[in-house]
Amino acid sequence: MATLLLPCDGSPSALLAVRHAIDEFHRGDARRVHLLNVQPPFSAYVARHVCRELRAQFQRERADAELAEARQLLDAAGVPCFTHREVGDTAQCIAESARRLHCDRVLIGTTRKGALVRAIEHSLTNRLLDCCTVPVEVVAGAPAGMIERIGIPAGVGAGVALVWASAS
């Protein structure tokens, strides 16, 4: 039985991973679930003008809001979990939490993306696979929308054409 780290930002893909963790717990494949939310740090400019307590309170409130639905799903399914909040680079915080909490696996949800988008995007999943020392299980959500499948590659092509035209 495994100890799972379940990063969650409240997105539909993250909630799909939560449902997957619930299934694993009920099958007996998971014995402990750690639910994690990572908030980005404030810029240096904001940090200079807003007190530390106010920034921490804001990040706690955002984390709690993003974890609310995941907690409801886990509670309704009778899955006990430990909740954690971090501030920093998402991939680094997830990897460090997995190590510190002695997790056997990280279970992360992601949206399906086209090959070109995956190749040019520096996604959280790719960064996590690079820096995490425990296995990362990726639960794929719904296919990418039409904008992502066509719009982003078209935008990249237009950008490349613009750079090529300006270099000529």
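Predicted model: local features only at pLDDT ≥ 70, side-chain atom pairs only at ≥ 80, totals over all residues.
The chain contains seven helices and five strands. Along the sequence these elements run β-α-β-α-α-β-α-β-α-α-β-α. The chain has 168 residues, and 35% of them are buried.

Helix 3 covers residues 52-76, a run of 25 residues. From first C-alpha to last, helix 3 reaches 35 Å. That span is close to the 36 Å expected at 1.5 Å a residue.

The largest pocket holds about 360 Å³ of space. Its lining consists of 20 residues. Asp-9, Ser-11, Ile-108, Gly-109 and Leu-124 lie nearest the centre of this pocket. The lining draws on several parts of the chain. Helix 1 (12-27) and strand 2 (30-39) each supply at least two lining residues. So do helix 4 (90-100), strand 4 (105-110) and helix 6 (124-131). By class, the lining of the largest pocket comprises nine polar, eight nonpolar and three charged residues.

Helix 6, one of the elements that line the largest pocket, also contains Leu-128. Leu-128 counts as buried because its relative accessibility is 0%, and the cut-off for burial is under 20%. The C-alpha atom of Leu-128 is separated by 8.5 Å from that of Thr-90. Along the chain, Leu-128 and Thr-90 are 38 residues apart.

Two cysteines were examined for accessibility. Cys-51 has a relative accessible area of 44% and is therefore partly exposed, a class that lies between 20% and 50%. Cys-81 has a relative accessibility of 16%, under the 20% cut-off, and so counts as buried. The disulfide count for the model is zero. No pair of cysteine sulfur atoms thus lies within 2.5 Å, the limit for a disulfide.

Technical notes:
Residues numbered from 1 in each chain as written. Heavy atoms only, no water. 1 Å grid on protein atoms, 1.4 Å probe; cavity = no way out; pocket = protein on both sides within 12 Å on 5 of 7 lines; lining within 4 Å. Points joined across faces, edges and corners; volume = space filled by probe spheres on them. Helix = DSSP H or I, 4+ residues; strand = E, 2+ residues; numbered from the N terminus. Nonpolar A, V, L, I, M, F, W, Y, C, P; charged D, E, K, R; others polar. Buried < 20%, exposed > 50% of the residue type's maximum accessible area, 1.4 Å probe, protein only. Expected span 1.5 Å × (residues − 1).
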